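Welcome! Take a look at the sequence and the structure, then try each task before reading on.

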Amino acid sequence: MIKYEKQILNVLLDKYEGSKSFIGTNQVNQSFTCKVAQMFPKYKDDSEYEFFCAINEAVNTLVAQDFVTAKKLKSGVVQSVTLSLDAINEAYAYLDRIPKSDIVIDLKKILLLYKDCNVILSAYCSRQLERLAENKSVEFFDDNFDMYESILKVVSKITEVKNETFERDFSIQVLGDSKAFEKIRSKIVALLCEYGDFPDRETLLADLNIVKNPGHVYFKGKGKIAVCGQQIDFSQMSGDMAISSEMLKNVDDVTVFGDVVITIENLTTFNAFNCENSFAIYLGGYHNTSRRNFIKKVYEQNPDKQYLHFGDIDTGGFYILQHLRNKTGIAFAPYCMDVKTLKANLQYTKKLTENDRKRLAALAETEFEETVEFMLENNCKLEQEAMDLMEIGI
C-alpha cells in the first residue's frame, strides 16, 4: 500500500512545487488537488475491486496522518485528495524527499559561485537565476549536484586553455579523472553553443584547444616551408599539406611566393579553392592556438602580402573574421563576403533564424553594414559550401 500513498503524495507535492504559491507570487490562496480516477484509471473499473480497496486504504492512511484531506461519496468512492499545506514539511520527511526549496537554495549558491568566472558563465548563470525566480527548471541540471558542478567547473576553465590539450589530460587537470569529461561532454558542448559564440558545434572543442587527437594545420598554394632545416616547396605539388600541432614548433620558415595569403573557413571550400596566386590556410571556424601561431609565423616572415579571409556570409562568418583579426593582430580583409556574392548565389541562400537577426543587428554599424542590410531585407545568408566555386580563386 505504501507505494500508492507515496505516489499520491508525490503528485500533490509536484503540483505545489510548480505553483505560484511555492515562489510566493500567488495573489489568492491556492489549494492543490488531484482526482483519484485521473491518477489511477483502474480505480473506476468495477472489475478491479482489490485495487479500489488498496487506493482507499492509502488515502485513509494519508488522511489519518493529516497529509491530505479527501472528498468522498457515500458509496465510498474517493473523488479527490487535497494537500494539507500545514503538514508539508512532514510530508517531505515521510517521503524522504528533498524539498524543492532546499534544491533551489543550493542551486543559487552554485550559480552565484560561478557567475563571474567568464562571459559565457555570466550569461548562463544570470539566465538560470532568472529561471529559478520564475519557478522554472535549471538548464543542464539533472538532479545530480556533483555532475552539475563539474559542468560549470569545466566551462569556467575551458576558455583559459592556451595550448592544444588532449581531452583526457584536460579531464584529469580539471576533474581529477581521465573519463569524467567524456560523461558530461555533450552537456558542455550544448551549454557553450547556447551561451557562447561559436559557429560550429562539431569543431567547438577543438576551437578551444581541447582535442581527442593531435590537431593539424592544412595549407596549400604558392610557397615553401622549412622544417628542421629541410625545405619543402609545395607550390610544385597538387593538393594540400598538413602539419600536426606537435610538429609546428619545428617549423623554421614559411615563404609565400604568391601575392595573397588567405584563410578559409570551411574544408570543402578550402579543397576546391584555386591557388594560382595565393597561399591558403584552412581555418576551420574559430582558429585555435595551433592555427593562430602558424598564421602569425606566416605573417612575420611575409608581412608584405595581402591578407584575406574567406568565410560564410552569416553572423558566424563575420564574427570569425573579427576574432581572427583580434587574436592575430593582422588586418585581414573579407573576400567574397559581400552583397555581390550574395546576389550571385541567391538561389543557394538559406533563410535567417530569429537568432541570426538579433546577431546581425549588432553588426549594423560596422564595415559589414551594407551586406547586413541586404541580408535582413532579403532574409538570406550563405554558407561557403553552397557557393558556385568553379571560378573562385586568386
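**Exercise 1. Aromatic pairs**

By the rule given in the solution, to how many aromatic pairs does the count come?

*Solution.* Start with what you are looking at: this is a predicted model, in which local features need pLDDT of at least 70, side-chain atom pairs count only at pLDDT 80 or more, and totals for chains, interfaces and linings use all residues. Residues are numbered from 1 along each chain as its sequence is written, and side-chain values use heavy atoms, with hydrogens and water left out.

Next, take the rule: rings of Phe, Tyr and Trp (its six-membered ring) pair if their centres lie within 6.5 Å, and planes under 30 degrees apart count as stacked, over 60 as edge-to-face and the rest as tilted. The count comes to 26 aromatic pairs.

Now try one of them: Tyr 124 and Tyr 195 have 5.3 Å from centre to centre and 85° between their planes, an edge-to-face pair.

**Exercise 2. Two helices in contact**

Describe how helix H7 (residues 119–133) and helix H8 (residues 145–158) meet.

*Solution.* Two packed helices are described by the angle between their axes and the distance between the axes. Axes are lines fitted to C-alpha atoms, for helices over the stretch in contact, and angles run from 0 to 180 degrees between N-to-C directions. For H7 and H8, the axes come within 9 Å and cross at roughly 145°.

Then list the residues, taking contact as heavy atoms within 4.5 Å. H7 brings Ile 120, Leu 121 and Tyr 124, while H8 brings Tyr 148, Leu 152, Val 155 and Ser 156.

Last, sort them by class: Ala, Val, Leu, Ile, Met, Phe, Trp, Tyr, Cys and Pro count as nonpolar, Asp, Glu, Lys and Arg as charged, and the others, Gly among them, as polar. That gives six nonpolar, one polar and no charged residues.

**Exercise 3. The largest cavity**

Which residues line the largest cavity?

*Solution.* Begin with the term: on a 1 Å grid over the protein atoms alone, a cavity is a set of points where a 1.4 Å probe fits but cannot get out, and lining residues have an atom within 4 Å of a point. The structure holds one cavity of 30 Å³ or more. About 40 Å³ of space lies in the largest cavity, where grid points are joined across faces, edges and corners and the volume is the space filled by probe spheres set on the points.

The lining consists of Phe 140, Phe 141, Asp 142, Asn 144, Met 147, Tyr 148, Ile 151 and Lys 187. H8 gives the most to this lining, with three residues. By class, five lining residues are nonpolar, one is polar and two are charged.

**Exercise 4. The three-stranded sheet**

What is the strand order of the open sheet of three strands?

*Solution.* Two strands pair if DSSP finds at least two bridges between them. The order is E1-E3-E2, with antiparallel pairing. Strands E1 (33–35) and E2 (68–72) are at the edges, each pairing on one side only. From one strand to the next, the twist averages 20°.

Zoom in on E2 and E3 (residues 78–83), which share five bridges. Here Ala 70 has Val 81 of E3 as its bridge partner.

**Exercise 5. The six-stranded sheet**

In what order do the six strands of the other open sheet lie?

*Solution.* The order is E9-E6-E12-E11-E13-E14, and the pairing is mixed. Check both senses. E6 (residues 216–221) and E9 (residues 241–244) are antiparallel over four bridges, with Phe 219 opposite Met 241. By contrast, E13 (residues 306–310) and E14 run parallel, joined by two bridges, and Leu 308 stands opposite Ala 333.

Lastly, helix H14 (residues 315–328) lies across E11, E13 and E14, at about 145° to E13.

Technical notes
On a 1 Å grid over the protein atoms alone, a cavity is a set of points where a 1.4 Å probe fits but cannot get out, and a pocket is an open set with protein on both sides within 12 Å along at least five of seven lines; lining residues have an atom within 4 Å of a point.
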